[in-house]
Amino acid sequence: MSETFNYAFTDSKGGAVNITVTASTTLSDTTGNGPSYAVTAISGSVAGAAIDGEVGTGGVVVNDGHFIYDNAIFPASTTGASGNTDGIDLDGLYFSIGGVDYNLWAQNGSFILGNTAGLHETLTLVSTDAPCFCTGTMILTDRGDVAVETLTIGDNVITTAGETRPVRWIGKRRVSARFADPLRAYPIRVRTGALADGVPSRDLLVSPDHALLVDGILAQAGALVNGVSIVRETEVPETFTYYHVEVAEHSLILAESTPAETFVDNVDRMAFDNWEEHVAAVGETSIPEMEYPRAKSARQVPQATRARLTARAEALFSTADATAA
């Protein structure tokens, strides 16, 4: 199976650079830079010149004497080689046009296009439907960390109590950024170490209403935003997908080493694109919520918790702006 990712850029002269990447839907760490999707084909055009195709093998780091490339697309939770911007890392994509090889890579949040004829310029990203936010989030199972989108019914996830729980259903909700309310729909990024040492183990992206266990309370991610270590994403793909894992009981599982709640039945359940699958497989069952206090807004988060997270933000990210929301 394969999936396509489309990137639209403009070059320094306003010319269009359109890249369509076809990649495997299976996550694997063949690059050594974290789980990624191996590229199987590259098409499109650069300033009107058609791309002939991918050069090299997808998902393998190669140094051809001109460029180092890996032809891989990285999910949001994987850094790739020295960072990952919209799925592209420092090694990036390699393709040819008229016998000239091109490398497209991301560096410090910018996209660079180079070729073996001496081209080297920064591109401006216009749009992309690159890997979905929350796609690639690693969930601890009895066979190790597994990307949430690859979980299937019957897989055993590990709770924070060290117990195994079989997955009963996986909710999927595709969001169109064009019509979504950013405050209610855009992902929250919990940066590495924001909650405690190694928690999360990598940047964690969740929906604003998804609760994490912090200092003994179920705090919804949107309530924890401090503008530094926990931030609200502002630039998102045109469409992105959220996943939610259900087991028989409302439980805490480990997402990027962070205690995160499993699905609990609520009034928003009909928003899932595949809710009918749940009804067919499980029925209209009700799951009681765990007996933890829940913070749905910033004012419900204890001051001691907010102060602790602010202090961590200042220590980790060297800024005094940790209280900005």
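Buried residues are those under 20% relative accessible area, exposed ones are over 50%, and partly exposed ones fall in between, as computed with a 1.4 Å probe on protein chains only. The model is predicted, so local features need pLDDT of at least 70 and side-chain atom pairs count only at pLDDT 80 or more, whereas totals for chains, interfaces and linings use all residues. Residues are numbered from 1 along each chain as its sequence is written, and side-chain values use heavy atoms, with hydrogens and water left out.

**View 1. Helix α3 and its buried face.** Helices (H or I, at least four residues) and strands (E, at least two) are DSSP runs numbered from the N terminus. In α3, the residues Thr305, Leu309, Thr310, Arg312 and Ala313 are buried; seen down the axis of α3, the buried residues fall within an arc of 160°, so they line one face of the helix, the arc being that of the directions from the helix axis to the C-beta atoms. Gln303, Ala304 and Ala315, on the other side of α3, are exposed. The cover over the buried residues of α3 includes β22 (211-214) and β24, with contact meaning heavy atoms within 4.5 Å. Helix α3 comprises 15 residues (303-317), which at 1.5 Å a residue should span 21 Å, and its end C-alpha atoms are 21 Å apart, which agrees; the expected span is 1.5 Å times one less than the number of residues.

**View 2. The open sheet that includes β24.** Three strands form an open sheet in the order β21-β20-β24, with antiparallel pairing, where two strands pair if DSSP finds at least two bridges between them. The edge strands, each pairing on one side only, are β21 (204-206) and β24 (230-232). From one strand to the next the twist averages 20°, the axes being lines fitted to C-alpha atoms (for helices over the stretch in contact) and angles running from 0 to 180 degrees between N-to-C directions. Strand β20 (residues 188-190) runs antiparallel to β24 and is joined to β24 by 3 bridges, with Arg232 of β24 as the bridge partner of Ile188.

**View 3. Two hairpins that share strand β12.** Strands β11 (residues 93-97) and β12 (residues 100-107) pair in the antiparallel sense over 5 bridges, and Tyr94 stands opposite Asn103 in β12. The hairpin of β11 and β12 has 2 residues between the strands, and Gly98 in the turn has a positive phi of about 55°. Strand β12 also pairs with β13 (residues 110-115) in the antiparallel sense, over 6 bridges, and here Asn115 in β13 is the bridge partner of Tyr102. Between β12 and β13, which form a hairpin, there are again 2 residues, and Asn108 in this turn has a positive phi of about 55°.

**View 4. The largest nonpolar core and the surroundings of Leu195.** A nonpolar core is a set of buried Ala, Val, Leu, Ile, Met, Phe, Trp, Tyr and Cys residues joined through side-chain atoms within 4.5 Å. The largest one has 32 residues, and those with the most contacts inside it are Leu151, Val190, Leu195 and Ile230. Elements that give two or more residues to this core are β20, β21, β22, β23 (217-220), β25 (239-246) and β26 (252-255). Not counting residues up to four places away in sequence, Leu195 touches Val190, Pro200, Leu212, Val214, Ile230, Thr258, Arg308, Leu309 and Arg312. Apart from this core lies another, of 26 residues, which includes Phe5, Val46, Ile97 and Met138.

View 5. Ala177, in the loop between β19 (169-176) and α1 (182-185), is buried, with a relative accessible area of 12%. Its C-alpha atom is separated by 7.0 Å from that of Pro237, 60 residues apart along the chain. Leaving aside neighbours within four places in sequence, Ala177 is in contact with Tyr186, Val236, Pro237, Glu238 and Phe240.

View 6. In the loop between β20 and β21 lies Pro200, and the peptide bond from Val199 to Pro200 is cis, with omega near -5°. Asp215, in the loop between β22 and β23, is not a glycine and yet has a positive phi of about 55°; at 45% relative accessibility Asp215 counts as partly exposed. Glu256, found in the loop between β26 and β27 (258-261), also has a positive phi, near 50°, but at 3% relative accessibility Glu256 counts as buried.
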